Amino acid sequence: MPHSTSPARSLTKEEFPIIDFRTVDEDPKAVAAEILDAAQNWGFLVLKGHGVPQEDVDHMFATSSSFFNEPKEAKSEKWMNTKQQGYDYKESVFGCTEGMCFGSIADANLTCDNLPSWWNSERRQEAEAFRSKCNELSTKLLKVFALAMGLDQEHFATAHMSGKEPGNVLRLIRYPVLTDPVDPSFPRLGEHTDWGTLTLLFTNSPGLEVQRPGGDGWVPAPVIEDAVIVNIADGLALWTGGLLKSTKHRLSWESLPMNQSRHSIAYFVNADADAPLRVLRKEEGSDSYSESSQSFDATFGDYQAVRMRIIHEKFDTDGTDDELKLDPKFVNLVRNIGVAHGTGVTFEGAHSTEVVA
Ligand SMILES: O=C(O)CCC(=O)C(=O)O
Ligand SMILES: [Fe+2]
C-alpha cells in the first residue's frame, strides 16, 4: 500500500472561503475585507469572477494534456533548470507528479532554450499569454491585500515588477496514473507550503487537501467551475508578520488514488529578488499596518536563498551559514516559518537541480 494518511474530513462548501471578485471595481473595500478575512484565517480561498477567461483556461488544460500525453523522451528533452523552465518528473518524498514549467521574467519563455521542442512558437505564445493573464490577476490581488491592510495600494505590487528576477512561474501539472507500486513512503503530493508570495491554482478535479485553520485536520478544497484557488505563500506570510497565513496543503493517496490522474495549473508569484523584505506590523492604537522599525536588512532574494539552503540541508548545526552573510536572526526567522519544506525536487535519474516551488 502506498503512503497512508488519515482521510480529509468532509466539509460543506460554505465553510471554505468562496469569494466573488466580480464586484471588486465597484466596491473594492468590501471585497478586500472578505479576501483579507479568508487569508487571515484559512490562507486559502476559492475566487469566482477572477477575470481569466474560461476559454483560455480550458485551452491551456487541453494543451497541457496533449503535452503530457507525449512519450517520455519528447517531454524530457529539456529537464527543468534553476530558472524553472523545462519538464520535471518526480517520484520522491515530495510527491509523484510531473510538471512543465515556464518560469522567469515576462516573455522569457518565447526564446528560452530550455523548453522541449514540442513547445513550438504558437504553444509558447499560448503559455506566455496565459502567464500574463495570471499576472494581471495576481497584481490585482496584491493591490486588494494592500487596500485591506490600510497600506498604499501599490505596496506589495511594486515589489513584483514583471521585468525583474526571479519572476513568476507557470507550472502545468499532471499527477499520472501509476501502474507500478511506488515506494510506500512517497506521498501523492507531500504536505507543504508554497515559497513565493501568492499562488493561483486552476483545477477541474478534486484531490487537493488543505489544512484547517489551527492545524485541525485536512479538508478537500472545493472544485468550483470557472473559479481559481488562491493561496498565500510563505513570502507574504513573512512580509505581513504572520497576519496572512501560509497554509499547508497536500494530495493524499486517499484523495487521489494510484489509478486516477489529475491535472492542475499553478501560477507561483514571487517578489523581486532585490525587493526589501520589511516586515509589516500594526502599531499600537493604529488601524493600519506599517513597516516595522525592527525589520531585518534582507531582500526577498535573501529569503529565497535561505529557503534553498534549508531544503538542501546546508546549514551548520547551529543554523548559521557563513556563505550567506545574513543576520542569523533572519535565517532563524525563515527556518522557523512553520514548514520550510517546499516542494523542491530531486529529478529522476541523474537530473538534479535546485528548485523553488
Ligand atoms: O496540484 C495541486 O492541486 C496542488 C499543487 C501544489 O500545491 C504545488 O505544486 O505547490
Ligand atoms: Fe503548493
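**Exercise 1. Getting an overview**

What percentage of the 357 residues in the protein chain do buried residues make up? Then count the helices and strands.

*Solution.* Start with the source: this is a predicted model, in which local features need pLDDT of at least 70, side-chain atom pairs count only at pLDDT 80 or more, and totals for chains, interfaces and linings use all residues. Residues are numbered from 1 along each chain as its sequence is written, chains are lettered from A and ligands numbered from 1 in the order in which they are written, and side-chain values use heavy atoms, leaving out hydrogens and water.

Step 1. Buried means under 20% relative accessible area, exposed over 50%, and partly exposed in between (1.4 Å probe, protein chains only).

Step 2. Read the share. Buried residues make up 54% of the 357 residues.

Step 3. Count the elements. The protein chain has eight helices and 14 strands. Helices (H or I, at least four residues) and strands (E, at least two) are DSSP runs, numbered from the N terminus.

Step 4. Check the contacts, meaning heavy atoms within 4.5 Å. Among those between residues at least 6 apart in sequence, 77% join residues at least 24 apart.

**Exercise 2. The nonpolar cores**

*Solution.* Step 1. Define the core. It is a set of buried Ala, Val, Leu, Ile, Met, Phe, Trp, Tyr and Cys residues joined through side-chain atoms within 4.5 Å.

Step 1. Look at the largest one. It has 80 residues, and those with the most contacts inside it are I35, L47, W119, L141, F145 and F156.

Step 2. Follow L141. Leaving aside neighbours within four places in sequence, L141 touches F21, I35, L47, L198, L200 and V230.

Step 3. Look for another core. A second, separate one has 22 residues, including W42, L208, V219 and L251.

**Exercise 3. The iron site**

Which protein residues are donors of the iron ion (ligand 2)?

*Solution.* Step 1. Apply the cut-off. Donors are N, O and S atoms within 2.8 Å of the metal (3.2 Å for Na, K and Ca); water is not among the atoms, so sites may look incomplete.

Step 1. Name them. H192 (NE2), D194 (OD) and H249 (NE2) lie 2.1 to 2.2 Å from the ion.

Step 2. Read the spacing along the chain. It is H-x1-D-x54-H. D194 lies in the loop between β6 (189–192) and β7 (198–203), and H249 in strand β11 (residues 249–251), so the pair ties together parts that are 55 residues apart in sequence. Both D194 and H249 are buried.

**Exercise 4. Strand β10**

Work out how β10 (residues 228–232) is covered and how β10 pairs with β2 and β7.

*Solution.* Step 1. Check burial. Five of the five residues are buried, so β10 is largely enclosed by the rest of the structure. V228, V230 and I232 are on one side, with I229 and N231 on the other.

Step 1. Find the partners. Two strands pair if DSSP finds at least two bridges between them. β2 (residues 44–48) and β10 pair in the antiparallel sense over four bridges. β7 and β10 also pair in the antiparallel sense over four bridges.

Step 2. V46 stands opposite I229, and L200 has V230 as its bridge partner.
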